[in-house]
Amino acid sequence: MFKRCYTTFVPRFKFPEYRIPLSDFKGHQVRALQRFQQLLPQLNLLLELRDSRAPISTRNVIFDDLMARGKGGKTQRLVLYTKSDLCPKDTIDKLRSWHGEMGDEFMTLDCRSAREVKGLVKLLEWKYDRVVEKMLGPAANGGGGLPLGYRVLVAGMPNVGKSTLVNSLRFVGAARTGNSSESVHGSVAHRRRKVAKTGGQAGVTRATSECIRIADHRGGIYLYDTPGVSLPGRVTTREKMLSLSQCGCVKSNLVDPVIQADYLLYLMNLQSPVAYEQYTKGVPTNNIYKLLAGVRRATGIRDDNGAAIHWVDKWRQGPRRGAHRVSFDVETLLDDASFSYRDLVSRELELLGPWSVAPSKPSAKAKNSNQLFEL
Ligand SMILES: Nc1nc2c(ncn2[C@@H]2O[C@H](COP(=O)(O)OP(=O)(O)OP(=O)(O)O)[C@@H](O)[C@H]2O)c(=O)[nH]1
């Protein structure tokens, strides 16, 4: 039905420059960064989570900086792209090419899939073995481990799935070591008492957890669940903010719902206008109000604002099974000649510049939290 109009339809290649806030940095995130820096010397691995639907926008240059300037010491980093069940297939090829360019490790994962999380537990055990071998040499064959076990910090932007992953890892780890009577198949979302609170809004986790044991391997693998850390305003762009809002990584009331819906329409038109065909009778459009009229007709919602919130939220949670998947980052649509991942990383590091997290004085709390990043 759509194909006839498809050939003549021209999507917008630039999104209008609406005025929207560029930062969602909060006081508890500054405290989380202070805690990261305290913990870094005793960590073996930084497990950095990003949302696979917006792999560029949910990349936090603060973690790049911590690793690049050696503040992580011997800490390794593994980038984990979550919500792979909602991610377009083409994005995975892009990730391969970008990480190949940088020579670093990444993995994609559905945090709620027991099979995939089990694979991650095995990888952590393998990594722990390599660290022990390196540190203890031949003595490692005896099966001993490090005095503090293997310590992993789970970090990333708000709402990327950190707590969901911690809960799943704990469940899968316990089931593998026989501490759980439940079987490890299918989804792990609601099977076991959660150790970390999860939710569809940004900012559910407010403080870094105590260490959580997820496997008995060589004296134990331990995780820290952390609050999501946003980007400081100086490295955020309008499009990045809209992508973050579409993923639920910033509070949803930060961006006007009709602007957010228009951004989603803009992205869909660049990828697959078929994704909204039921609301426009199969006719692609660049006019958000035409689409919202269709949403109002289909849902009985009376105003455009309500229709926009409904439609955006549906896509924030993920499309229905079998529906078209949409990437929320335009960079994933560019070819290698027009976009270099390496250049992006160095540009953002430059924009971030030198920073430090000021010690938490009572008076500092009253200030804008962005000011706590000192030059
Ligand atoms: N489809 C899908 N949903 C996921 C996945 N991982 C997490 N979610 C959902 O994403 C939402 C956010 O998950 P959380 O684990 O609370 O995210 P968080 O990073 O801990 O969030 P903060 O506490 O705000 O930092 C929840 O509704 C989860 O059910 C995934 O791999 N696939």
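**View A. Lining of the largest cavity in the predicted model.** By class, the lining holds five nonpolar residues, three polar and one charged. The cavity has a volume of about 40 Å³. A search of the whole structure turns up one cavity of 30 Å³ or more.

**View B. Domain 1 against domain 2.** Domain 1 covers 27-181 + 193-225, and domain 2 covers 256-338. Each side brings 15 residues to the contact. About 1,200 Å² is buried between the two domains. Carbon and sulfur atoms give 48% of that area.

**View C. The domain 1 face of the interface.** Arg53, Leu86 and Lys94 lose the most area to domain 2 on this side. Together they account for 44% of what domain 1 buries.

**View D. The salt bridge between Lys94 and Asp336.** The two side chains meet at 4.0 Å, N to O. The count between domain 1 and domain 2 is one salt bridge. The domain 1 side that touches domain 2 has seven nonpolar, four polar and four charged residues.

**View E. Polar contacts across the interface.** Eight residue pairs are in polar contact between domain 1 and domain 2. Both residues of each pair are at pLDDT 80 or more.

How values were computed
Residues numbered from 1 in each chain as written. Predicted model: local features only at pLDDT ≥ 70, side-chain atom pairs only at ≥ 80, totals over all residues. Heavy atoms only, no water. Domains from an automatic or database assignment. Contact = heavy atoms within 4.5 Å. Buried area = accessible area lost by both parts, 1.4 Å probe. Polar contact = N/O pair within 3.5 Å; in protein donor to acceptor, adjacent residues only side chain to side chain. Nonpolar A, V, L, I, M, F, W, Y, C, P; charged D, E, K, R; others polar. 1 Å grid on protein atoms, 1.4 Å probe; cavity = no way out; pocket = protein on both sides within 12 Å on 5 of 7 lines; lining within 4 Å. Points joined across faces, edges and corners; volume = space filled by probe spheres on them.
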